[in-house]
Amino acid sequence: MSVTIGSHDIGGGAPAFVIAEIGLNHNGSVELAKHLIDVAANAGADAVKFQKRTPEICTPAYMRDVPRETPWGTMSYLEYRHRVEFDRDQYIDIGDHALLRGLEWFASPWDVPSVEFLEDLGVVAHKVASASVTDIELLEALRDTGKPVILSTGMSTMDEIDRAVETLGTSNLVVMHATSTYPMEPDEANLRMIPVLRDRFPGVPVGYSGHERGLQISLAAVALGAQAIERHITLDRTMWGSDHAASLEPGGLSTLVRDIRIIETARGDGVKRVFAGEEAPKAKLRRVGA
């Protein structure tokens, strides 16, 4: 079974769907967001993803007045949250830029008003952040949009994942194995969960959302059959912000997409055959025929 997001199929033998997560790495700048969209398009990614919050809902009361040092000076945590959120006109601007560059775009809504906000913009899909796996009200709102939903599963137990999948339904769902450590060390990757999730939810495409340094683990996920790959992207891992250190820079993203496509070709179909390139060595080297 495959899930269609915009002009792309996920699963059903289609190439892995590569999502470049901009998240909050735009630091509230439309121009930086557009630059990152260009990075994703130039690398050959299929989609870019953002995050959408209603700060008054998503910021815990005890955190709202906590001082935060930012590039724009010291401000309360709630003020910071407002500072890095795009409004409707800004999202239209960056969404149009993504479409002009041939990319799908969508976001992770962190609350029900954010679902309504994104629906008003006509996004092609929604993403459930790992932190929202247990937010049943949010999951129900996403289910009711009728749009494809990509579910990340970091920081979650199997019981919590089962409940989320039961709420969302499986007909238009992609499940992403994830570990929500930033950055993640290899011993927490647990990539054998990819076939486990595939067996647990038959017919549901399974992918991998990575927060590790480097490319090896994401490429191994593709070799294990991941049908979608998501990685954070940045212009520079030393930039200010919580997600930059676990993100790929432009060259890394380009290499990742290139190597994903090589691995997909190399996986083949599992049918043993003698390839054309083997005929000459076979004629030269094999002494005894069948």
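The second largest pocket holds about 150 Å³ of space. A word on terms: on a 1 Å grid over the protein atoms alone, a pocket is an open set of points with protein on both sides within 12 Å along at least five of seven lines, where a cavity is a set in which a 1.4 Å probe fits but cannot get out; lining residues have an atom within 4 Å of a point. Grid points are joined across faces, edges and corners, and the volume is the space filled by probe spheres set on the points.

This is a predicted model, with local features needing pLDDT of at least 70 and side-chain atom pairs counted only at pLDDT 80 or more, while totals for chains, interfaces and linings use all residues. Residues are numbered from 1 along each chain as its sequence is written, and side-chain values use heavy atoms, without hydrogens and water.

Back to that pocket. Its lining includes G11, G13, R198, E264 and R267. By class, the lining has 4 nonpolar, 4 polar and 3 charged residues. Here Ala, Val, Leu, Ile, Met, Phe, Trp, Tyr, Cys and Pro count as nonpolar, Asp, Glu, Lys and Arg as charged, and the others, Gly among them, as polar.

Now the largest pocket, with a volume of about 570 Å³. Which elements give two or more residues to its lining? They are β4 (47-52), α3 (77-83) and β12. Helices (H or I, at least four residues) and strands (E, at least two) are DSSP runs, numbered from the N terminus. The largest share, 3 residues, comes from α3. There are 35 lining residues, and Q51, R53, W110, Y182 and D243 lie nearest the centre. The classes are 13 nonpolar, 14 polar and 8 charged.

Next, β12 itself, residues 228-232. All 5 of its 5 residues are buried, meaning under 20% relative accessible area, with exposed over 50% and partly exposed in between (1.4 Å probe, protein chains only). A228, E230 and H232 are on one side, I229 and R231 on the other.

What does β12 pair with? Strand β3 (residues 17-23) pairs with β12 in the parallel sense over 5 bridges, and A228 is the bridge partner of F17. Pairing requires at least two DSSP bridges between the strands. Strand β11 (residues 206-210) is also parallel to β12, over 3 bridges, with R231 as the bridge partner of G210. β11, helix α9 (residues 216-223) and β12 make a right-handed β-α-β unit: with the strands pointing away from the viewer, the path from the first strand over the helix to the second runs clockwise.
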